[in-house]
Amino acid sequence: VVALALFFYRICFACIYFLAVLAIYCSLNSKGEITMKLLAVDLQKQLINESLYQSELLIQHIQELIQLARNCSVEVLYIRHDDGAGTGLSKGENGFNIYTDFKPAEGEQIFDKTVNSAFYNTGLLEYLHKQQENTIMIVGLQTDYCIDATIKSGFEYGFHMIVPNGTNSTVDNSYLTGKQSYEYYNQYIWNNRYASCISFEAAKQTIQDASVLPNSSQQCTAE
């Protein structure tokens with residue numbers, strides 16, 4: 001009986017070890033690196049304005065994270081929302097374009113959507129799977145619309161969603177102020193349910209940790 005118990009114990013230990021190794025392998029890309037993408041959602045000219053909650057801080061924080069990600073060789077992916085012809089937020093209209101302060105660098109991927117979720121019929125999901133991605137840091141607009149939908153969709157697809165403080169925003173609506181909406185989603189709805197909501201400083205460190213550059217903590221900064 002003791003020998004049989006030891007046999008099953010060893011089998012269970014081997015299974016646990018195998019699953020742990022498999023989990024680590026699944027979090028790696030084809031080069032054996034743990035990767036992360038910075039997903040910039042709906043940072044378009046028509047949507048960036050002073051009516052956004054903490055608009056100046058939003059712009060400052062997102063600019064810094066985008067520059068840091070580029071310096072650390074963490075890929076930045078852009079999402080644009082198309083609301084249909086005549087809305088000011090459609091292809092060919094000026095408001096559809098990415099806000100100047102967040103202009104994509106040459107070669108950075110842009111995915112266009114027509115609904116709130118950045119994953120619905122955009123090619124984003126397929127691209128992330130091809131990259132063997134498992135972690136997404138998300139910034140952009142608007143907290144209670146496309147950011148909320150994309151975070152929840154990403155979670156359901158198995159991605160670890162990371163939300164840095166002060167990098168998403170929205171405007172007042174008939175029920176809540178922009179501040180109330182921001183706090184409701186960031187502090188209550190998402191954190192420890194659909195995402196990890198972290199401080200801005202922790203977000204910068206996370207990007208540095210995800211860098212594929214050698215000695216990244218010393219070499220990549222937002223400068």
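Accessible areas here come from the Shrake-Rupley method with a 1.4 Å probe, and for residues only the protein chains shown count as cover. On that basis the protein has an accessible surface of about 12200 Å², with 53% of it belonging to carbon and sulfur atoms.

A word on the ground rules. This is a predicted model, in which local features need pLDDT of at least 70 and side-chain atom pairs count only at pLDDT 80 or more, while totals for chains, interfaces and linings use all residues. Residues are numbered from 1 along each chain as its sequence is written, and side-chain values use heavy atoms, with hydrogens and water left out.

**Confidence.** The average pLDDT (the predictor's confidence in each residue, from 0 to 100) is 88, and 82% of the residues score at least 70. Residues 13–28 stay under 50. Where pLDDT is low, the predicted coordinates should not be read in detail.

**Fold.** Seven helices and seven strands make up the secondary structure; helices (H or I, at least four residues) and strands (E, at least two) are DSSP runs numbered from the N terminus. Their order along the sequence is α-β-α-β-β-α-β-α-β-β-α-β-α-α. Of the 223 residues, 45% are buried, where buried means under 20% relative accessible area, exposed over 50% and partly exposed in between (1.4 Å probe, protein chains only).

| Pair | Bridges | Opposite residues |
|---|---|---|
| β1 and β4 | five bridges | Lys37 and Ile136 |
| β4 and β5 | three bridges | Met137 and Ile162 |

**Cores.** A nonpolar core is a set of buried Ala, Val, Leu, Ile, Met, Phe, Trp, Tyr and Cys residues joined through side-chain atoms within 4.5 Å. The largest one has 30 residues, and Leu38, Leu65, Phe102, Met137 and Ile207 touch the most other members. At least two residues each come from β1, α2, β2, β4 and α6, with α2 giving the most, seven residues. Another core, of 23 residues, lies apart from it and includes Val41, Leu128, Cys146 and Tyr185.

Beyond four places in sequence, Phe102 is in contact (heavy atoms within 4.5 Å) with Leu43, Ile48, Ile59, Ile62, Gln63, Ile66 and Tyr78.

Is Arg80 buried or exposed? Arg80 is buried, because its relative accessible area is 18%. This residue sits in strand β2, and its side chain makes a polar contact of 2.7 Å with the side chain of Asp112. A polar contact is a pair of N or O atoms within 3.5 Å; within protein, one must be able to donate a hydrogen and the other to accept it, and residues adjacent in sequence count only if both atoms are side-chain atoms.

Glu75, in the loop between α2 and β2, is partly exposed, with a relative accessible area of 21%. The side chains of Glu75 and Lys37 are joined by a polar contact of 2.9 Å. The C-alpha atoms of Glu75 and Glu108 are 7.6 Å apart, although 33 residues separate them along the chain.

Methods: Pairing = 2+ DSSP bridges.
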